[in-house]
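Here's a quick tour of a protein model for you. Have a look at the sequence and the 3D picture first, then read on.

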Amino acid sequence: MPETARAGFDYIIIVGLIACLAWMTRIYQTRIEPAIGTDTVRRLSWMGALTLILVILYLPVQAGLKSNFITILSTATLVLFACVAGHWLVIPLKRPAEFIPIGFTVALSDMFSVFMGPTRKFAENISDYYREGMTGPVPVVDFFLVKMPMPGNDYFLPVFGITDWVVVALLSAGARRFGISDNIFSLAGSKQAKNRSRIFFPVAGIGLVLSIMAARSMNLYLPALPFIVIVFLSAMAAKYPAVRKLGAEEIRAMVFISALIGLLMAVFALMKK
């Protein structure tokens, strides 16, 4: 198969599988999250149970077992964990404009982590592991990556990190909390009309797809959260004026985070000299 055609086929698979994850997230939003609500004990119980499942699934992998079935189970568990965590993080939100400082924070943090922080080392370890044919000990971080089947490979390959889906779930949960739609199939409709589409794909998911395409086309490890945040905020702010009504608190938070990330970058740069 020509390289261009293969790359296009890979992207189709990635989009299709991310759409499946989006469907899982919507099911969680409508059927599970209402039962958890603001009950912290119940939410922590869910997160504890999911963590236990991940540990159980991790043990045979660490022992050297390579199984796509285990990968499917671990990916589904990770996505469910991301939904539980992401929906928890939106509980303190009071107004849509808070999306901007939150997005600003996670995007800057991801850029710092990928280019100068711990994620850079993790990415190198993962790249070496897969480049060498998945031989040797499995890096621990590999179990926190969402994997998908790719043509020409016997085993599922990592596509993005679970923290990326935590943010996708967080933004989608926030939109739902404030009664605004982040479904790309309903954005063209009226602001007042409820989203009745049974097909769901979150706007933030488009940013994730774009980040994967950019990383694969340039053969680089790129931070996904800036793509996710930019696409989400652009779409939401364009349709919903409340999202772009920044107050003094949001501006102060953005200035503080900028200063903090800048300080951390300076410290890391000095430590490397």
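This is a predicted model: local features need pLDDT of at least 70, side-chain atom pairs count only at pLDDT 80 or more; totals for chains, interfaces and linings use all residues.

Residues are numbered from 1 along each chain as its sequence is written, and side-chain values use heavy atoms, with hydrogens and water left out.

**Overall layout**
- The protein chain has 9 helices and 2 strands (DSSP runs numbered from the N terminus: helices are H or I with at least four residues, strands are E with at least two).
- Along the sequence, the pattern goes α-α-α-α-α-β-β-α-α-α-α.
- Of the chain's 273 residues, 44% count as buried (buried is under 20% relative accessible area, exposed is over 50%, and partly exposed is in between, using a 1.4 Å probe and protein chains only).

**The core**
- The largest nonpolar core has 65 residues, and Ile18, Phe160, Trp165 and Ile228 touch the most other members (a nonpolar core is a set of buried Ala, Val, Leu, Ile, Met, Phe, Trp, Tyr and Cys residues joined through side-chain atoms within 4.5 Å).
- Helix 6 (residues 162-177) gives the most to this core, with 9 residues.

**Helix 4**
- Helix 4 (residues 99-115) has 17 residues and should span 24 Å at 1.5 Å a residue, which agrees with its end C-alpha atoms being 24 Å apart (the expected span is 1.5 Å times one less than the number of residues).
- Among its buried residues are Phe99, Ile100 and Phe112.

**Salt bridges**
- A search of the whole structure turns up 4 salt bridges (a side-chain nitrogen of Lys or Arg within 4 Å of a carboxyl oxygen of Asp or Glu).
- Asp10 pairs with Arg216, with the closest N and O atoms 2.9 Å apart.
- This pair links distant parts of the chain: Asp10 sits in helix 1 (residues 3-36) and Arg216 in helix 7, 206 residues apart.
- Asp10 counts as buried at 6% relative accessibility, while Arg216 is partly exposed at 38%.
- Arg43 and Glu33 also form a salt bridge, at 2.6 Å between the closest N and O atoms, and both residues are buried.

- Ile206 belongs to helix 7 (residues 203-218) and is partly exposed, with a relative accessible area of 32%.
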